[in-house]
Amino acid sequence: MTNQIVQGILLGGYYALIACGLSFMFSVMRIINLAHGSLAVLSAFALWLLASHLHVPPFLGLAIVLPLMAVIGWALQRFLLERSARGGALLPILTTFGLAIVIDNVLFEQFGADTRSLAPFIGSLSYDSWEWPGSIYVGKLAVIIFATAVVLLGGLQLFLTRTGLGRSIRATSEDPDTAGLVGVDARRANALAAAIAMVTVGLAGAFLGMRATFDPYAGATQLLFAFEAAVIGGAGSLWGTLVGGIVLALAQTLGAKVHPQGFLIGGHVAFLIVLFIRLYTSGLGLRGLLRFSTGKVS
Amino acid sequence: MSLLSVEDLVVRHGLLQAVRGVSFGIERGETLALVGANGAGKTTLLRAIAGAHQAASGRVVFDGADLSGVPSHERVRKGIALVPEGRRLFVQMTVEENLLLGRVAGRPGDWSVDKVLDTFPNLKPRRHAKAGHLSGGEQQATAIGRALMSNPDLLLLDEVSLGLSPLVVDRVYASLQGLINSGTTIILVEQDLNRALSVSDKVICMLEGRIVLAGDSKSVSRDEVTKAYFGLHRKGAGGVPA
């Protein structure tokens with residue numbers, strides 16, 4: 001049991017990483033990015049391409065891919081999401097859904113249906129582990145992913161609270177109209193937030209490729225995990241995302257212990273339980289739930 | 001040349017014309033009181049000057065530059081700061097964070113967080129408190145301080161006494177008097193005629209989106225303003241340039 005809990009906590013780091021960008025975009029721009037998982041897979045493919053064709057190791061490849069993801073995020077916000085947001089709350093959701101389909105099919109067109117992995121390009125890191133007392137084996141990569149998630153969330157927290165740009169993003173998230181009246185360029189703040197979110201997506205995509213296999217249609221599953229972790233942790237709360245990721249992963253690992261098919265079901269059950277608890281503790285039914293999910297960046 | 005010149009400004013809320021061909025000017029260092037009943041168009045006019053509402057026609061010229069099409073955040077950089085009605089603080093942020101948000105890099109001036117706290121001493125012990133936990137007076141002081149942090153050439157104050165106790169209003173106005181004495185150019189929207197007339201150099205009274213009275217605060221009688229306020233005295237139609 002202890003082993004399952006440790007593995008669950010470490011896996012939670014990955015879920016926090018992939019949920020972080022989704023939660024960040026939602027809390028700042030009020031956009032649920034349904035292309036989130038596909039963009040993570042796009043990042044994984046970019047790293048795979050660099051590693052397999054140009055022999056650039058994935059960790060080094062991040063120096064190329066992460067800035068590219070930031071540019072993609074900025075451009076997405078400026079040229080697609082910002083425009084679609086003018087058409088109401090539903091249009092950006094449909095836009096990102098369409099974007100996900102485009103990304104998935106372009107990747108399929110380019111790379112085919114074969115599954116790929118970045119594991120062959122990171123040497124023994126993909127399977128090396130430390131043995132802890134009690135015969136608990138802790139994967140080195142899993143620890144790196146968890147530590148990266150903690151550092152990233154802590155860094156984002158510091159950025160949002162200690163820097164002028166971070167305060168601008170928080171102000172835009174809270175009241176874009178008033179933010180403009182105090183000199184904050186809300187468009188720039190939103191584009192910056194999208195760029196940051198895409199960097200976190202890129203990082204999550206890299207670790208997805210290192211710890212598992214991926215194919216052009218793997219984005220939907222990653223989106224689902226990200227969405228569940230974000231909702232469990234409370235959309236908009238950075239540290240809540242880590243808690244959400246850990247709860248989701250613990251439920252999955254414990255579910256797998258109960259039954260071989262219980263991995264996914266365990267996670268979905270935990271997600272539904274949290275969802276219904278929120279629904280009833282809010283006391284306002286569905287309306288209360290919706291209010292709950294419009295949390296601000298904190 | 002006026003610091004601010006509003007020329008035949010029309011602002012619409014959908015089909016409703018909230019500001020109807022308003023024209024006036026304000027010189028550097030002056031304080032202008034904008035009075036009028038609820039719905040007269042004062043707040044809309046102020047927000048149009050600040051760039052929060054787009055004008056349907058007419059123009060706002062500030063320091064010689066036409067501000068047509070200039071977004072609100074750019075207007076702050078040019079030196080226009082608005083203290084909006086209802087304070088509109090960022091309630092999840094602390095007083096200090098709200099003040100720091102108002103800072104605009106590159107604008108000359110000596111307003112800093114410490115200077116704001118010296119100007120509004122009641123904020124000193126609340127520096128790290130969340131804005132949502134402040135009293136009405138503290139919130140108003142923070143909102144004014146946030147606007148001052150941009151070192152504005154023109155400060156627009158919208159209903160600074162609204163919802164505050166008389167004692168707190170006295171404190172806010174005492175602080176405002178300091179700003180006025182320091183030469184800050186101010187447009188003040190105020191429901192309280194006595195206070196508006198006592199601190200201002202000029203007064204404009206609006207009714208149904210139009211200026212119905214304009215003049216020097218010292219030469220216009222309270223009775224004249226009251227009549228204009230209730231539409232009993234109309235002077236010109238479409239605005240009286242000051």
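Reader: What makes up chain B, in terms of helices and strands?

Author: In this predicted model, chain B has eight helices and 10 strands.

Reader: How many of the residues of chain B count as buried, and what makes a residue buried?

Author: A residue is buried if 20 or more other C-beta atoms lie within 10 Å of its own, and 48% of the 242 residues of chain B count as buried.

Reader: What makes β2 and β5 of chain B edge strands?

Author: Four strands of chain B form an open sheet in the order β2-β1-β4-β5, with antiparallel pairing, and β2 (16-26) and β5 (65-66) of chain B are its edge strands, since each pairs on one side only.

Reader: How do you know that β1 and β2 of chain B pair?

Author: Two strands pair if DSSP finds at least two bridges between them, and eight bridges join strand β1 (residues 4-13) of chain B to β2(B), so the two strands, which run antiparallel, count as paired. To take one residue, V11(B) has V19(B) in β2(B) as its bridge partner.

Reader: Which parts of chain A touch chain B, and what classes of residue are found there?

Author: The contact takes 15 residues from chain A and 20 residues from chain B. On the side of chain A that touches chain B, α6 (164-174) and α7 (176-181) of chain A each supply at least two residues, and by class that side has four nonpolar, four polar and seven charged residues.

Reader: What does the UniProt record list for residues 191-210 of chain A, and how much of that span is helix?

Author: The unreviewed UniProt entry lists residues 191-210 of chain A among those given as "transmembrane region", and in the model this span is 100% helix, with its end C-alpha atoms 29 Å apart.

Reader: Which element of chain A has the lowest mean pLDDT?

Author: Helix α12 (residues 285-292) of chain A has the lowest mean pLDDT, 55, among the elements of chain A, whereas helix α2 (residues 36-54) of chain A has the highest, 96. Where pLDDT is low, the predicted coordinates should not be read in detail.

Methods:
Residues are numbered from 1 along each chain as its sequence is written. Chains are lettered from A and ligands numbered from 1 in the order in which they are written. This is a predicted model: local features need pLDDT of at least 70, side-chain atom pairs count only at pLDDT 80 or more; totals for chains, interfaces and linings use all residues. UniProt positions are given in the numbering used here, feature names are shortened, and annotations may be inferred rather than shown by experiment. Two residues are in contact if their C-beta atoms, placed from the backbone, lie within 7 Å. Ala, Val, Leu, Ile, Met, Phe, Trp, Tyr, Cys and Pro count as nonpolar, Asp, Glu, Lys and Arg as charged, and the others, Gly among them, as polar. A residue is buried if 20 or more other C-beta atoms lie within 10 Å of its own, exposed if 12 or fewer, and partly exposed in between; C-beta atoms are placed from the backbone. pLDDT is the predictor's confidence in each residue, from 0 to 100.
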